[in-house]
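Welcome, and thank you for taking a look at this structure. Please open the view below and keep it at hand as you read.

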Amino acid sequence: MSPTPSLTPPLTLARVGTVLHASGMVTEAELRGTLAAAAGYADEPLNPYGTARALEEFGAAVSVHGDDIDSLGEGYAELLARAARVAGGSVAITGVRLVRGEAGFADGRADVVEFDRDGVRVSVPAEHFADDYLDHIAACEAVARTVHRDDPRTWRSVDFPRDPHATYDSIMVLATPDQAESLRARLGLRIG
């Protein structure tokens with residue numbers, strides 16, 4: 001007896017784009033532009049992490065790098081600039097800097113990520129164990145501050161099954177409650 005074919009189409013970059021467009025998260029032009037740039041792999045099956053990463057490829061999400069980076073200060077500044085772009089520039093994020101704590105990294109150095117949000121200073125506590133790895137909790141909290149308070153969208157974490165021995169980026173998607181539900185129902189992502 002042959003196996004029953006799956007009735008659900010495989011998750012591909014093209015399918016992710018179609019869901020994002022249908023839910024109003026990307027425009028027709030953004031959908032077409034991304035798929036044109038990814039023509040060589042747009043129809044390749046994605047694993048759950050690849051599906052979450054595809055949200056960023058369409059400009060609907062940002063990722064907090066899970067591996068080493070060149071510089072903490074530059075890493076946070078670049079991340080917040082990307083998040084502000086995804087949010088449509090609804091708030092001005094300037095003056096991003098890392099205020100380093102006094103202790104060493106052995107027990108976690110207590111730092112602060114500071115930036116101006118529409119001219120108002122924001123401080124986010126961060127704990128670093130090395131000079132080249134972001135604090136994911138602090139980074140995600142800082143990203144959450146890059147959307148205007150009148151925007152119906154909020155930054156939400158995207159979760160997916162993980163191999164306990166692998167390193168993953170943290171993915172944050174900017175979505176309304178209905179859009180988040182669409183991503184859950186149609187792509188199988190867990191949206192926080």
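What follows is a short tour of the sheets, the helices beside them and a group of aromatic side chains.

## Before we start

Please keep in mind that this is a predicted model. Residue numbers start from 1 along each chain.

## The four-stranded sheet

Let us begin with the sheet whose strands run in the order β1-β6-β5-β7; this sheet is open, and its four strands pair in the antiparallel sense. At its edges stand β1, residues 61-64, and β7, residues 190-191. Each of these two has a single partner strand, so one side of each is left without a neighbour in the sheet.

To see one of the pairings up close, look at β5, which spans residues 154-159 and pairs with β7 over two bridges, in the antiparallel sense. Here Val158 has Ile191 in β7 as its bridge partner. A helix accompanies this sheet as well: α6, residues 177-187, lies across β5, β6 and β7. Its direction makes about 130 degrees with that of β6, the strand of residues 170-175.

## A stop on helix α6

While you are at α6, find Glu181, which is located in this helix. Is Glu181 buried, partly exposed or exposed? Its relative accessible area is 42%, so Glu181 counts as partly exposed.

The side chain of Glu181 is joined to that of Arg184 by a polar contact of 3.0 Å. For a sense of scale, compare Glu181 with Gly89: 92 residues separate them in sequence, and their C-alpha atoms are 24 Å apart in space.

## The three-stranded sheet

Now turn to the other open sheet described here, made of three strands in the order β2-β3-β4 with antiparallel pairing. Its edge strands are β2, residues 93-99, and β4, residues 120-128, and each of them pairs on one side only. From one strand to the next, the twist averages 20 degrees.

Five bridges hold the antiparallel pairing of β2 with β3, the strand of residues 109-117. Helix α4, residues 72-86, lies across β2, β3 and β4 and runs at about 155 degrees to β2. Helix α5, residues 136-144, also packs on the sheet, where it touches β3 and β4. The direction of α5 makes about 165 degrees with that of β4.

## The aromatic cluster

The structure holds three aromatic pairs. In one of them, the ring centres of Tyr49 and Phe160 are 5.0 Å apart and the planes meet at 50 degrees, so this pair is tilted. Tyr49 belongs to helix α3, residues 48-57, while Phe160 is in the loop between β5 and β6, so to speak a distant part of the chain, 111 residues apart. Both Tyr49 and Phe160 are buried.

How are the rings of Tyr49 and Tyr168 arranged? Their centres lie 4.9 Å apart with planes at 80 degrees, so this pair is edge-to-face. Because Tyr49 is in helix α3 and Tyr168 in the loop between β5 and β6, the pair ties together parts that are 119 residues apart in sequence. Tyr168 is buried, with a relative accessible area of 18%.

Together, Tyr49, Phe160 and Tyr168 form one aromatic cluster. As a last stop, look at Arg162: its charged end sits over the ring of Phe160, 4.2 Å from the ring centre.

How values were computed
Predicted model: local features only at pLDDT ≥ 70, side-chain atom pairs only at ≥ 80, totals over all residues. Heavy atoms only, no water. Pairing = 2+ DSSP bridges. Contact = heavy atoms within 4.5 Å. Axes fitted to C-alpha atoms, helices over the stretch in contact; angles between N-to-C directions. Phe/Tyr/Trp six-rings, centres within 6.5 Å; stacked < 30°, edge-to-face > 60°. Buried < 20%, exposed > 50% of the residue type's maximum accessible area, 1.4 Å probe, protein only. Lys NZ or Arg CZ within 6 Å of the ring centre and 35° of its normal. Polar contact = N/O pair within 3.5 Å; in protein donor to acceptor, adjacent residues only side chain to side chain.
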